[in-house]
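User: Please take a close look at one residue in this model and at the strands around it. Plain description is enough.

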Amino acid sequence: MQSVVSAIQQYVRAMVERVSGMKVLLVDEETTGIVSLVFSHSQILEHEVFLVERIDSKEKERMRHLHALCFLRPTNKNFVELSKELKNPHFGEYHLFF
């Protein structure tokens, strides 16, 4: 039987491998801890994830050359933040994972 940690590790690995090229991982308050639990910074960097940033961060730079992987919980707050981000996009592509 598979542990919860290894299941999450597989999910995050599949998520970052699904999209090729340079990536940013947009996370929320909860998924930040989830990702840091299963991957170190150097491990996530091996999958071309060059930046991990909170969806509710007010200080995002425009980096249209990066593909955004949005790993978010399906909450009203996250949908509002995602809507704001998509109305004023900072990245070239968006891929949503819940």
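Analyst: Phe 91 lies in strand β4, where helices (H or I, at least four residues) and strands (E, at least two) are DSSP runs, numbered from the N terminus. This is a predicted model, in which local features need pLDDT of at least 70, side-chain atom pairs count only at pLDDT 80 or more, and totals for chains, interfaces and linings use all residues. Residues are numbered from 1 along each chain as its sequence is written, and side-chain values use heavy atoms, with hydrogens and water left out.

With 1% relative accessibility, Phe 91 is classed as buried; buried means under 20% relative accessible area, exposed over 50%, partly exposed in between (1.4 Å probe, protein chains only). Leaving aside residues up to four places away in sequence, Phe 91 touches Val 24, Leu 26, Glu 53, Lys 60, Glu 61, Met 63, Arg 64, Leu 66, Ala 68 and Glu 85, a contact being heavy atoms within 4.5 Å. Arg 64 is 27 residues from Phe 91 along the chain, yet their C-alpha atoms are separated by 4.2 Å.

Strand β4 (residues 91-97) runs parallel to β3, joined by 6 bridges; two strands pair if DSSP finds at least two bridges between them. Leu 69 has His 95 as its bridge partner in β4. From β3 the chain passes through helix α4 (residues 76-87) to β4 in a right-handed β-α-β crossover, meaning that, with the strands pointing away from the viewer, the path from the first strand over the helix to the second runs clockwise.

Strand β3 (residues 63-71) also runs parallel to β1 (residues 23-27), through 5 bridges, and Ala 68 in β3 is the bridge partner of Val 24. Because 7 of its 9 residues are buried, strand β3 is largely enclosed by the rest of the structure.
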